[in-house]
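Reader: I'm new to this one. Could you show it to me and then take my questions?

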Amino acid sequence: MEYIIAFLVGGAICAIGQLIIDTTKCSNAHLLVGLVCLGAVLSGLGIYEPFQEFAGAGALVPVMGFGSSITKGMLSELERLGWEGLFTGAFEITGLGLAAGIVFSSIWALLRKPQK
Amino acid sequence: MKPQEYQKLVQDNSPPRPIFKNMLWAFFVGGVICTVGQVVLNIASKVENTKAEASAVTLAVMILIGTVLTAFGVYDELAEKGGAGAAVPITGFANTMTSAAMEFRREGVLLGMAAKMFVIAGPVIVFGILSGFIVTLIKVLILKLL
């Protein structure tokens with residue numbers, strides 16, 4: 001059941017994104033930035049957590065989940081460390097993926113030629 | 001002809017974008033990626049102790065999948081069909097990093113690969129952190145004052 005919910009919710013977010021790209025002047029980059037901000041703000045308002053509880057990866061995997069993870073990390077680190085957490089928390093949850101992205105992107109760029 | 005007139009001419013004569021079909025493809029491709037993410041999340045939840053760790057591992061695994069699919073040219077085809085369905089999931093974020101790194105590798109490792117890797121991912125990180133920072137700060141201030 002949770003797979004079906006993840007499929008439907010994740011798919012719906014992507015379909016709305018496609019609608020925004022097709023009907024407005026938004027580029028992909030604008031859309032991604034907008035969704036990240038939306039996720040971060042919704043997480044701060046306490047709305048994203050219940051949503052993610054319900055939708056699982058359907059809420060986590062779209063970039064909104066990335067934004068929400070930034071805020072979530074800041075809030076939890078804030079509690080643990082005090083004001084430093086406002087800064088270190090940004091990479092508390094996302095840092096693993098970011099560093100992995102940097103490492104693997106570099107490896108592939110050094111190993112493989114782009115194909116057209 | 002004025003630029004505006006020309007633009008209108010182009011707009012009138014270009015075929016209408018198949019909005020519904022595009023949305024359907026985005027829905028399908030995005031849905032499949034999120035379903036794969038759910039499989040990863042379920043496994044990560046079993047292995048890791050906390051929800052935050054499970055989320056972190058899931059994001060990282062999806063990013064890894066995104067970079068691999070990009071390196072072997074699979075993701076470009078997905079993006080062609082799926083549009084936002086391929087761009088919006090975190091795998092699309094990884095795709096922008098890897099494809100930019102591979103593309104600009106010929107301009108050098110330092111100023112090509114490393115610098116251009118974040119040409120789209122950079123704004124996403126910057127604005128993600130800025131909005132997260134602001135909303136967290138406001139939340140803390142309100143909680144302190146009340």
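Reader: Leaving aside its neighbours within four places in sequence, which residues is B:Glu48 in contact with?

Author: B:Glu48 is in contact with B:Glu53, B:Ala54 and B:Val57. Two residues are in contact if their C-beta atoms, placed from the backbone, lie within 7 Å. Before we go on: this is a predicted model, where local features need pLDDT of at least 70, side-chain atom pairs count only at pLDDT 80 or more, and totals for chains, interfaces and linings use all residues. Residues are numbered from 1 along each chain as its sequence is written, while chains are lettered from A and ligands numbered from 1 in the order in which they are written.

Reader: Why does B:Glu48 count as partly exposed?

Author: B:Glu48 has 15 C-beta neighbours inside 10 Å. A residue is buried if 20 or more other C-beta atoms lie within 10 Å of its own, exposed if 12 or fewer, and partly exposed in between, with C-beta atoms placed from the backbone. So B:Glu48 counts as partly exposed. You'll find B:Glu48 in the loop between α2 and α3 of chain B.

Reader: What makes α3(B) largely enclosed by the rest of the structure?

Author: Of its 21 residues, 16 are buried, so α3(B) is largely enclosed. Helices here are DSSP runs (H or I, at least four residues; strands are E, at least two), numbered from the N terminus. Just after α3(B), B:Gly73 has a positive phi of about 75°.

Reader: How do you know the span of α3(B) is close to what is expected?

Author: The expected span is 1.5 Å times one less than the number of residues. For the 21 residues of α3(B) that comes to 30 Å, and α3(B) reaches 30 Å from its first C-alpha to its last.

Reader: Why is chain B called more spread out than a compact globule?

Author: Chain B comes to 8 helices and 0 strands. Its radius of gyration is 20 Å, well over the 15 Å that the globule rule gives for 146 residues, so chain B is more spread out than a compact globule. That radius is taken over C-alpha atoms, and the rule is 2.2 Å times the number of residues to the power 0.38.

Reader: How many residues of chain B are in contact with chain A?

Author: 60 residues of chain B are in contact with 62 of chain A. The largest share of chain B's side, 15 residues, comes from α2(B).
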